[in-house]
Amino acid sequence: MAGLVRHASQPLTEQLAARFAERIRARLLVPGTRLPSVRECARQQGVSPYTVVAAYDQLLAQGLVEARKQRGFFVRDPAVRQAAAHALPHAVPAARTVTPHQPLPSGSVINATALIRGMFHPASDKPQPGAGAFPPDWLENTFLAAAVRKATSGQQLLDASYRYGEPLGDGALRRVLAQKLCGLHLPVTADQIITTVGATQALDIVSRTLLKAGDPVMVEEPGWSVEFARLDALGVRILPVPRRADGTDLDVMARYCEAHAPKLFVSVSVFHNPTGFCLAPASAHRLLQLAQRHGFYVVEDDTYGHIAPEHATRLSVLDGLQRSIYVSGFAKILAPNWRVGYLAAPQHLVEGLLDTKLLSTLTTPSLLERALAICIEQGQLRRHAERIRARLDAARARSVRLAQSADCRFVTEPAGLFGWLDVGVDTEVLAQRMLDRGYLLAPGALFHATRQPSTLMRINFATTQDATFWRDFSEVREAMTTGRSAL
């Protein structure tokens with residue numbers, strides 16, 4: 001495991017146990033994951049089997065793993081650990097406990113929440129290929145601080161600090177957003193816009209308002225891993241619809257409509273995650289005809305619209321917010337920590353969506369919303385996005401060359417922030433091996449409603465320009481195919 005240091009003051013046993021413990025607590029090793037066998041771990045780390053056994057015993061004593069007879073060591077469920085701690089507050093957790101739940105396959109270490117946690121606890125200080133956002137240094141600017149100073153000057157700070165903001169969101173921001181959407185040929189009023197704590201909350205508000213447990217929902221596949229996990233947590237029935245270059249598979253959608261009467265369809269029209277596809281007008285028109293005929297709503301996530309051409313086809317624009325709800329935010333392009341997102345909806349849905357927002361967060365931080373309005377009004381966001389687009393174009397060209405030099409094949413035309421490529425080996429196993437090198441990957445299985453082994457993975461073009469990563473990648477992949485150690 002990356003970071004073991006011989007001749008250090010901390011013994012190798014403790015170093016190895018600490019590395020595993022850190023990954024387990026950060027949920028980079030999810031409950032049910034099987035640790036490498038003693039022999040395999042010893043070979044990978046270049047240590048003796050005795051060192052590995054001693055490290056695993058420390059993890060057992062901490063209640064982080066359990067041993068299953070003739071099967072190996074498995075990451076323990078936090079709920080089980082907590083229950084055991086409450087039941088036996090002064091006892092040492094018993095070793096080699098067997099629990100009834102089925103383990104995940106060896107190597108199933110990366111899931112949707114692991115990718116999210118990886119944003120806050122990176123596997124190392126190296127650029128992370130599986131990241132879902134731009135690197136922080138890409139977003140740096142001077143105008144955010146100036147906008148905050150302006151938004152908090154004089155009486156504005158006191159007015160915003162000592163009372164709740166407007167339920168729909170800051171009026172200045174909603175008016176600016178309405179103008180921005182009109183520029184995309186989506187005519188809306190400020191009263192149709194609700195600000196949220198990021199685009200993810202906007203999607204959640206729509207789902208909680210329009211759905212109940214058991215309702216069928218169509219979702220693009222491959223698709224955003226967090227969306228699959230979020231909908232699954234709500235207890236809805238996920239109906240995966242294959243995503244193609246021109247849009248979703250409309251024949252599959254039509255069959256779902258006849259058989260299941262879905263309530264909702266969640267779509268990323270522009271720079272789809274993970275494929276980079278953009279919706280074609282003809283496909284969009286047919287999709288909206290289906291929605292009208294069968295009575296389902298379309299939720300369009302335009303998170304990546306800031307880096308897309310203005311003329312890109314959007315369902316909400318073609319539909320005019322009749323059976324569509326538009327969702328976007330600013331975490332990806334400008335200020336992740338501000339958590340400012342929004343939705344624009346048909347007028348008759350606004351009150352219900354607002355009720356759901358009030359029950360979850362009451363209002364949203366008006367000071368930051370007002371500062372964002374200043375950035376948009378003064379054209380700073382537009383110029384910032386143009387700089388990001390130019391930098392991304394250069395990064396994408398370099399990443400594509402490096403990936404192709406490493407004998408990887410893009411299965412979709414490289415576009416937007418993400419690349420969708422075939423690497424020729426099981427990417428869940430590859431992800432586990434690369435974690436040992438300090439890299440968090442996004443294996444292809446994550447982007448499907450039902451996890452299955454896949455040779456595909458998603459890369460972030462902004463974080464895969466380093467030739468060192470591709471050398472490490474090639475070494476680990478070769479070791480997987482030849483069966484030798486990657487150390």
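Which residues of H2 meet which residues of H3? Val38, Cys41 and Ala42 in H2 meet Pro49, Val52, Val53 and Tyr56 in H3, where contact means heavy atoms within 4.5 Å. This is a predicted model, in which local features need pLDDT of at least 70 and side-chain atom pairs count only at pLDDT 80 or more, while totals for chains, interfaces and linings use all residues. Residues are numbered from 1 along each chain as its sequence is written, and side-chain values use heavy atoms, with hydrogens and water left out. Helices (H or I, at least four residues) and strands (E, at least two) are DSSP runs, numbered from the N terminus.

**Helix pairs**

- Two packed helices are described by the angle between their axes and the distance between the axes.
- Helix H2 (residues 38-45) and helix H3 (residues 49-61) pack at an angle of about 115°, and their axes are 8 Å apart; axes are lines fitted to C-alpha atoms, for helices over the stretch in contact, and angles run from 0 to 180 degrees between N-to-C directions.
- H2 and H3 are therefore roughly perpendicular to each other (angles under 35 degrees count as roughly parallel, over 145 as roughly antiparallel, 65 to 115 as roughly perpendicular and the rest as oblique).
- H2 passes H3 in a right-handed crossing; a crossing is left-handed if the near helix is turned anticlockwise from the far one by less than a right angle, and right-handed if clockwise.
- The contact of H2 with H3 has 7 nonpolar, no polar and no charged residues (Ala, Val, Leu, Ile, Met, Phe, Trp, Tyr, Cys and Pro count as nonpolar, Asp, Glu, Lys and Arg as charged, and the others, Gly among them, as polar).
- Now for another pair: helix H10 (residues 198-210) packs with helix H11 (residues 225-234) at about 30°, with axes 11 Å apart, and that makes H10 roughly parallel to H11.
- The H10 and H11 crossing is right-handed, with Leu203, Asp204, Ser207 and Arg208 of H10 and Glu227, Arg230, Leu231 and Leu234 of H11 making the contact.
- By class, the contact of H10 with H11 has 3 nonpolar, 1 polar and 4 charged residues.

**The sheet of 7 strands**

- This open sheet runs in the order E3-E9-E8-E7-E6-E4-E5 with mixed pairing; two strands pair if DSSP finds at least two bridges between them.
- Strand E3 (193-197) and strand E5 (237-242) stand at the edges with a single partner strand each, so one side of each is left without a neighbour in the sheet.
- Neighbouring strands of the sheet are turned by 25° against each other on average, direction ignored.
- E3 and E9 run antiparallel and are joined by 5 bridges, and Ile193 stands opposite Ala344 in E9.
- Helix H12 (residues 250-260) packs on the sheet, touching strand E4 (216-221), E5 and strand E6 (264-267), and its direction makes about 155° with that of E5.

- 4 strands form an open sheet, ordered E10-E11-E13-E12, with antiparallel pairing.
- Its edge strands are strand E10 (409-410) and strand E12 (442-443), each pairing on one side only.
- 2 bridges join E10 to strand E11 (residues 418-422), and Arg409 stands opposite Asp422 in E11.
- Strand E1 (residues 65-68) and strand E2 (residues 72-75) pair in the antiparallel sense over 4 bridges, with Glu66 opposite Phe74 in E2.
- In the hairpin of E1 and E2, with 3 residues between the strands, Gln70 takes a positive phi near 60°.
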